[in-house]
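Q: I am new to this structure and would like to learn how to read its features. Please take them one by one, starting with charged side chains.

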Amino acid sequence: MTDPLTAAVPARELVEELTRRGQTLATAESLTAGLLAATIAGVPGASNVLRGGLIVYATDLKGTLAGVESEVLAVDGPVARRTAAQLADGAARRCGADWGVGLTGVAGPDPQDGHPPGTVFLGIAGPDGTTVTELELGGDRWEIRSDCVRAAVSSLRERLAR
């Protein structure tokens, strides 16, 4: 089993960099159900950068809480590139943050909407626009969710380094 605390060092570095920049972060999480926000909140000083998070595990909440367009959910589905982008944008907008991270995917053990377990879409919205990365992760539910958090922290750190 993968330990989510292995993301602690990169999360600490992320909090330090956002603090240095005077920027903030918010999350909209489906399959991780708040694990990303909790990982960041576990870092001393996180209150300087973490504005909040939306747990949008249920499909309808992706629209009502995070602002994902109903057409996107109907056409693309809850596990999709455009959904992740709108989750990231919605997290930043709804929480008043500089950066938003949107996570949606399938932790398993069963496929969802034609996507196998381990399919994840990671959206990052920031001052320089919104990007989405598709991840194919392996392992059990816990490993997929933990690896998803690590990927989100690493991807945001990479964006900040540009």
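Q: Is Asp-76 buried, exposed or partly exposed?
A: Buried means under 20% relative accessible area, exposed over 50%, and partly exposed in between (1.4 Å probe, protein chains only). Asp-76 has a relative accessible area of 28%, so the residue is partly exposed. This is a predicted model, where local features need pLDDT of at least 70 and side-chain atom pairs count only at pLDDT 80 or more, while totals for chains, interfaces and linings use all residues. Residues are numbered from 1 along each chain as its sequence is written, and side-chain values use heavy atoms, with hydrogens and water left out.

Q: With which residue does Asp-76 form a salt bridge?
A: Side chains of opposite charge can pair when their charged atoms come close. A salt bridge is a side-chain nitrogen of Lys or Arg within 4 Å of a carboxyl oxygen of Asp or Glu. Asp-76 pairs with Arg-82, and their closest N and O atoms are 2.6 Å apart. Arg-82 is partly exposed, at 37% relative accessibility.

Q: Which parts does the pair of Arg-159 and Asp-128 tie together?
A: The salt bridge between these side chains spans 2.4 Å, N to O. Arg-159 lies in helix α6 and Asp-128 in the loop between β4 and β5, so the pair ties together parts that are 31 residues apart in sequence. Helices (H or I, at least four residues) and strands (E, at least two) are DSSP runs, numbered from the N terminus. Arg-159 is buried, at 4% relative accessibility.

Q: How many salt bridges are found in the whole structure?
A: A search finds seven. One of the pairs is Arg-150 with Asp-147, at 2.2 Å between the closest N and O atoms; both residues lie in helix α6, three residues apart, about one turn of the helix.

Q: In what order do the strands of the sheet lie?
A: Two strands pair if DSSP finds at least two bridges between them. Here five strands form an open sheet with mixed pairing, in the order β2-β1-β3-β4-β5. β2 and β5 are the edge strands, each pairing on one side only. Strands β1 and β2 run parallel and are joined by five bridges.
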